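Please keep the sequence and the 3D view open while reading.

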Amino acid sequence: MEKIHITNFNQAIRLKINNYIENNLMKCIDTNQSLNEMVDYLYSMQGEDKKTNYYEYFVGVAYLDAYKMFSYKQKNLLSSEEDIEFFYKLYNILDFNDLLAEVSANPGYLKSILKASYDYYNLPFLGRYLILKSLSPSENKKLGLIFAPHTLDLTEYNDPLTLDDIIKDIKRQCHKYQNVLSIDFLEGVIFSVCGYIKRMFNINKENAISICSELAKKDYLASIYLTRQIKDNDTLNNHIKLYENSSYEEIIAHFNNDDEFLFDTIWMLIDLYITKTFNDVSIDEKSIENGGNDTVIKKLIPKKDKKDK
């Protein structure tokens, strides 16, 4: 049966918040002023029948994003004293009426949740995925009861990620660094992807293992290809030895426990799909297809996939 796509209207609200702030930045109007203007605009909608639902949807989505952002900070010991106080206010919202009452009485609260929604929207896809997946079942239930459209976000991020999703996000991050931030910082992209994979071992170990299996295969084939043209490269040779001489479980453990190894494999992914070179040697996905030991390649297939075959 063909998968039914449900439109996530939450994303439309986030896009409106983002576009308003970004368009103002182009006019040299800072984020703080833009947020003040948005608060005034949203308050002006209260009491107008046709606009009340629009106002409430803005409030609901902004609250969801703020809760997710500050919950993640709290769980990862990244909260300042101000963050803790604000998360306390987010956590203790009882229901949607309570949220509307808090927003109505406190413009600063509305401003803060709008800012959190803007920040959430501008995270890399992997960051948003990680934050959403970090929510506990009880938190998801709580948020769904406060604002039912939370389920739209859960549905959109329901499917496990693949290596292709990782590659797409790497490309998006590289584009942003180069064209928006005007910096050449591949290491920064690699750190973010490594952080995502490490965290996923705690949140969804099966998905993390599946991604690392795909990553291992790419790294192995690329390393084999490159050693035919580059002699005595310790990194390439050590990676090949690991794949050829270690068990599947040992290889996966290496991704989780050896930060330098994980960093190097993500860099190889960037060589394959972004720079398409390694030490001045041309390399891409097609060039590495025919190589490697079949036994090793079969070993790198996730166990659940082997059972399906």
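The model is predicted.

| Helix | Residues | Number of residues | Span, first to last C-alpha | Expected span |
|---|---|---|---|---|
| H1 | 9-26 | 18 residues | 26 Å | 26 Å |
| H12 | 205-227 | 23 residues | 32 Å | 33 Å |

In H1, the span is close to the expected value, and H12 is likewise close to its own expected value.

Which residues of H1 are buried? They are Asn10, Ile13, Arg14, Ile17, Asn18, Ile21 and Asn24. Seen down the axis of H1, these buried residues fall within an arc of 135°, so they line one face of the helix. An α-helix has 3.6 residues a turn, so residues three or four places apart point the same way. Phe9 and Met26, on the other side of H1, are exposed.

The N-terminal end of H1 is capped by Asn8, with a side-chain oxygen 3.0 Å from the backbone nitrogen of Asn10. Just after H1 comes Cys28, which has a positive phi of about 70°.

H12 is mostly covered, with 17 of its 23 residues buried. Ser223 is found in H12. Ser223 counts as buried because its relative accessibility is 1%, and the cut-off for buried is under 20%. Not counting residues up to four places away in sequence, Ser223 touches Leu236, His239, Ile240 and Met268.

**Cysteines**

A disulfide is a covalent bond between the sulfur atoms of two cysteines. How many disulfides does a search of the whole structure find? The search finds zero. For Cys174, the closest cysteine sulfur is that of Cys194, 13 Å away, which is too far for a bond; a disulfide needs the two sulfur atoms within 2.5 Å.

Is Cys174 buried or exposed? Cys174 is buried, with a relative accessible area of 5%. Cys28, at 76% relative accessibility, counts as exposed.

**The nonpolar core**

The largest nonpolar core has 99 residues. Tyr63, Leu90, Ile113, Leu114, Tyr196 and Ile197 touch the most other members. Helix H3 (residues 49-75) gives the largest share of this core, twelve residues.

What is Tyr63 in contact with, leaving aside its neighbours within four places in sequence? The contacts of Tyr63 are Leu90, Ile93, Leu99, Tyr109, Ile113, Lys142, Leu143 and Ile146.

Terms used: Residues numbered from 1 in each chain as written. Predicted model: local features only at pLDDT ≥ 70, side-chain atom pairs only at ≥ 80, totals over all residues. Heavy atoms only, no water. Helix = DSSP H or I, 4+ residues; strand = E, 2+ residues; numbered from the N terminus. Expected span 1.5 Å × (residues − 1). Buried < 20%, exposed > 50% of the residue type's maximum accessible area, 1.4 Å probe, protein only. Arc of directions from axis to C-beta. Polar contact = N/O pair within 3.5 Å; in protein donor to acceptor, adjacent residues only side chain to side chain. Core = buried A, V, L, I, M, F, W, Y, C linked by side-chain atoms within 4.5 Å. Contact = heavy atoms within 4.5 Å.
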